[in-house]
Amino acid sequence: MTAIIVILVVAAIVLFGVYVSWRAGRLDRLHARLEAARFALDAALVRRSSVALELASSGVLDPATSVLLAEAAHDARSASSGREMAESDLTRALRAVFGQPDFRALVAGRLGAEELLGELESAAHQVFLARKFYNDAVAATQDARRRRIVLLLRLAGTAPSPEFFEIDDSLVPAGETGPAADIPHLTG
Amino acid sequence: MRIGLVCPYDWEVPGGVREHVKGLAEALIELGHDVSVIAPADDDAELPSYVVPAGRAVPVPYNGSVARLAFGFLSASRVRRWLKDGAFDVLHVHEPAAPSLSLLACWAADGPIVATMHAAIPRSRALHAAQPILASALEKISGRIAVAEAARSTLVEHLGGDAVLIPNGVHVRGYEKPDPLPGFPGTGGVLGFLGRMDEPRKGLHVLLAAFALLAPERPGLRLLIAGRGDAAEALQQVPALYRARVVLLGQVSDADRVRMLHSVTVLCAPNTGGESFGMVLVEAMAAGAPIVASDLDAFRQVLLGGEAGALFETGNPAALAAAAAGLLDDPGRRASLAAAASIAVREFDWSVVARDVLRVYEAVAPAAGRVVVAT
């Protein structure tokens with residue numbers, strides 16, 4: 001009789017251990033995914049500000065637009081604490097630049113304009129996607145870390161709780177997003 | 001002289017630089033000169049006859065806040081056409097480093113160009129990213145003016161070179177007529193605040209805290225606030241008991257601005273920093289309103305070290321309360337401060353300031369020929 005109880009207890013402990021290690025492994029994988037997403041987001045943002053800066057100094061745009069864009073891109077790239085704000089400002093500056101009437105027609109034919117605009121558009125897409133996937137990973141990680149067993153056994157260790165990255169990254173003005181505008185396009 | 005002035009900020013929204021350009025243009029016209037101003041504005045906006053619209057301003061993040069600017073190819077071609085039609089003897093651009101019409105005008109013009117710097121930009125937000133783009137336009141400027149020491153040091157730090165100091169002007173006569181708002185100033189005393197409520201550096205929070213200190217002992221004391229911002233947020237900083245004694249006017253017209261200054265017993269300027277000049281003080285001086293102001297360098301200069309207005313320790317509500325109480329209780333001191341201020345303010349009258357600006361034009365223009373469109 002006691003032997004059966006002992007076996008049951010041992011089995012329970014083993015099962016619990018397996019469960020805990022499965023949980024911990026899952027959390028670990030989530031943290032790894034989060035880390036990768038963060039790198040991708042960072043790279044996308046840096047690329048976007050670099051291309052914006054390149055466009056600003058290319059001579060394709062008029063000097064006032066160039067200065068506007070250069071300063072926004074520079075602020076975004078050098079911001080550390082207020083990064084979300086600075087990146088949102090860069091988006092707004094881009095929107096103002098590309099929102100000029102007949103913008104595409106006016107720059108068409110200028111040397112290097114097509115390539116730079118195409119590159120900027122693709123960089124902006126990357127930011128949009130990378131941010132979506134990063135926030136997705138944050139949500140999943142936060143959810144996993146809130147489990148009682150994870151909290152109780154401190155499975156998350158000392159890793160800081162991840163935070164969402166909230167910026168304005170839509171190149172379409174608010175209110176004008178249609179069903180096809182999930183990925184931002186510079187011009188309609 | 002045929003003078004072309006360029007305002008980089010939206011003509012339809014009140015602001016320091018726009019007021020300056022307007023005042024200068026009108027003073028120069030009064031002195032018999034031929035003046036044209038180009039500024040961002042809608043084509044169908046109601047504008048003074050001397051203003052040429054360059055198209056609607058676009059709100060963009062610039063220098064830590066949102067500015068209403070005009071840029072892009074269409075603005076650039078409007079500026080070119082204006083330069084061509086104007087055939088100016090001198091081109092005077094304002095805030096040429098801002099990404100707007102002034103920069104476009106520098107780019108598009110050759111000949112005698114004068115520029116006035118208004119803002120004090122902190123070193124950390126330096127223009128270095130845009131430096132190469134700016135340099136070729138700013139190099140063309142042959143005479144540089146700064147409205148205050150802080151604007152001059154910004155210029156020297158960022159771009160090198162030097163500038164002549166010529167202060168901001170006011171139309172003193174326009175402020176003199178006593179026509180207070182209905183029900184003001186009354187008998188219990190009125191503290192006044194003129195400026196944006198939602199900009200922390202304007203220091204409204206310091207004044208509200210000081211008012212909370214003064215209100216219990218002075219049952220008749222009121223607070224009159226004129227400026228853009230969230231009224232509910234401001235009121236929340238005042239104990240509920242005294243809220244009824246705070247009068248919020250919101251954004252006011254130029255005429256009501258003057259009436260507001262005549263409605264207060266003491267005008268408070270509790271700014272905490274970032275002021276390069278202190279236009280609000282000069283306006284209050286012109287209106288004859290006794291002043292209590294933060295002890296900032298720029299303010300101290302305008303108030304002649306305290307002779308033309310009382311100074312208090314910047315950011316300290318208790319010090320403001322004490323200084324304001326001192327003035328509220330002493331009509332003789334209020335009168336003597338106002339009298340000193342009304343003499344000191346003459347130096348800032350547009351008739352004086354515009355003549356100084358003309359001297360700069362005369363120093364630059366003959367040697368450089370006429371303003372032409374660059375090829």
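This briefing describes chain B, its two domains and the side that touches chain A. The structure is a predicted model, and the domain assignment of chain B gives domain 1 (2-169 + 349-367) and domain 2 (174-347). In the contact between the two chains, 20 residues of chain B meet 22 residues of chain A.

**The two domains of chain B**
- The centres of domain 1 of chain B and domain 2 of chain B, taken over C-alpha atoms, are separated by 30 Å, and the contact between these domains takes 11 residues from domain 1 and eight residues from domain 2.
- On the side of domain 1 of chain B that touches domain 2 of chain B, there are eight nonpolar, two polar and one charged residues.

**The side that touches chain A**
- At least two residues each come from β4 (58-62), α2 (73-86), α3 (101-108) and α4 (131-138) of chain B.
- By class, the residues on this side of chain B are 18 nonpolar and two polar, with no charged residues.

**The largest nonpolar core**
- This core has 167 residues, and those with the most contacts inside it are A105(B), L281(B), I291(B), V292(B) and A324(B).
- Because domain 1 and domain 2 of chain B both give residues to this core, it lies between them.
- Leaving aside residues up to four places away in sequence, A105(B) touches V6(B), V79(B), L83(B), L91(B) and V93(B).

**Helix α1 of chain B**
- Helix α1 (residues 16-30) has 15 residues and reaches 21 Å from its first C-alpha to its last, close to the 21 Å expected at 1.5 Å a residue.
- Among the buried residues of α1(B) are V17(B), R18(B), H20(B) and K22(B), and the helix is followed by G32(B), whose phi is positive, near 95°.

Key: Residues numbered from 1 in each chain as written. Chains lettered and ligands numbered in written order. Predicted model: local features only at pLDDT ≥ 70, side-chain atom pairs only at ≥ 80, totals over all residues. Contact = placed C-beta atoms within 7 Å. Helix = DSSP H or I, 4+ residues; strand = E, 2+ residues; numbered from the N terminus. Nonpolar A, V, L, I, M, F, W, Y, C, P; charged D, E, K, R; others polar. Expected span 1.5 Å × (residues − 1). Buried ≥ 20, exposed ≤ 12 C-beta atoms within 10 Å, placed from the backbone. Core = buried A, V, L, I, M, F, W, Y, C linked by C-beta atoms within 7 Å. Domains from an automatic or database assignment.
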